[in-house]
Amino acid sequence: MIAKKNEIVTESARTTNAYVTRKTLHDRVKAYEVRLVWRRLFSEFIGTFMLVLVAAGAGVIGTKYPGSVSIESAAGAVALIVLVLILSLGRISGTHLNAVITIGFALRNVFPWRRVPGYLIAQLLGSIAAALFLKACFGNIAHVGTLAPPAGIDDRGVLVWETVLTFGLMTTIFAVVNGGMNVGNVAAFAIAAYFGAAILWAGVIGSSMNPTRQLGPALVSGDFAHLGAYMIGPFIGMLLAVGVAYLLRGPGGRDTQGPMMAQGDVEAVLRATKVIS
């Protein structure tokens, strides 16, 4: 009987401590929201700019200089830039760089909905800026890196492939961001590895997995031929991944690690550099 009471007390204490920890984290972030929001948005802009510059730029340079960028090179470049960006900017904004990741995190309750519009705008502007830079440097070669399927694959095929590939990406992300799964920087390596693997075996079809990456070059080049499939497929894949994540792990946002990885912890960065006290 005494042991049972002790178990109840211990479980109650754990619940209370978890609530206090979540509330403390929420209050800390809320207290500096106005001073932190522009840093988060600028981080998403810079990160998306670099991601699209590499991903779309591989197609542009490979077209301008035939044979210079193989599918292996493109896969490696994208995987490495994703790894670098997560490690360098993850503490600032969470390094989404992708509309489906931002919305997926919000649906999993690890990212506040009020921040979603700002993130989506910052990501789109970063994608457009990268496309404009590529166009200024190389002209409208390869439609500034806008993806298109090979012969024999129509928009329905693109939609199916984008759905499947994005489902795998989001399932990977939800797993490593989950509080019980993430281990230091392993999350960054896992996500980067998935990008590289997906492009290695499916890159010829497009393998965007990112509506933001496709929309920027399409707007700059004026090539909207397959935009719908590349936009819709990733969202379907993300929604399927959200459902699977719920079945496997239940509701999200019940730990502190998951939300911190999804949102970043720019306050801690600023404290460490003594920008704020």
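**Note on an all-helix model**

1. The accessible surface of the protein chain comes to about 13300 Å². Carbon and sulfur atoms account for 69% of that surface. The model is predicted, and the values below are computed from it.

2. On secondary structure, the protein chain has twelve helices and zero strands. The pattern along the sequence is accordingly written α-α-α-α-α-α-α-α-α-α-α-α.

3. The largest nonpolar core has 41 residues. Inside this core, the residues with the most contacts are V82, F105, M170 and I173. At least two core residues come from each of α2 (33–64), α3 (71–93), α4 (99–107), α5 (116–138), α7 (155–177), α8 (186–202) and α10 (227–249). Helix α8 supplies the largest share, nine residues. Apart from this core lies another, of nine residues, including F49, V60, A130 and A131.

4. M170 deserves a separate entry. Not counting residues up to four places away in sequence, M170 touches V100, I101, G104, M238 and A241. M170 is also one of the residues with the most contacts inside the largest nonpolar core.

5. How do two of the helices pack? Two packed helices are described by the angle between their axes and the distance between the axes. For α4 and α7, the angle is about 50 degrees and the axes are 11 Å apart. Angles of 65 to 115 degrees count as roughly perpendicular and those under 35 degrees as roughly parallel; α4 and α7 are therefore oblique to each other. Their crossing is right-handed. On the α4 side the contact is made by V100, I101, G104 and F105. On the α7 side it is made by T166, M170, I173, F174 and V177.

6. Is T212 buried or exposed? T212 has 7% relative accessibility. Buried means under 20%, so T212 counts as buried. T212 sits in helix α9 (residues 211–221). Leaving aside neighbours within four places in sequence, T212 is in contact with T48, N98, A99, Q123, L124 and S127.

Note on methods. Residues numbered from 1 in each chain as written. Predicted model: local features only at pLDDT ≥ 70, side-chain atom pairs only at ≥ 80, totals over all residues. Heavy atoms only, no water. Helix = DSSP H or I, 4+ residues; strand = E, 2+ residues; numbered from the N terminus. Areas by Shrake-Rupley, 256 points an atom, 1.4 Å probe, with all protein chains shown as cover. Core = buried A, V, L, I, M, F, W, Y, C linked by side-chain atoms within 4.5 Å. Buried < 20%, exposed > 50% of the residue type's maximum accessible area, 1.4 Å probe, protein only. Contact = heavy atoms within 4.5 Å. Axes fitted to C-alpha atoms, helices over the stretch in contact; angles between N-to-C directions. Parallel < 35°, antiparallel > 145°, perpendicular 65-115°, else oblique. Left-handed = near helix turned anticlockwise from the far one by under 90°.
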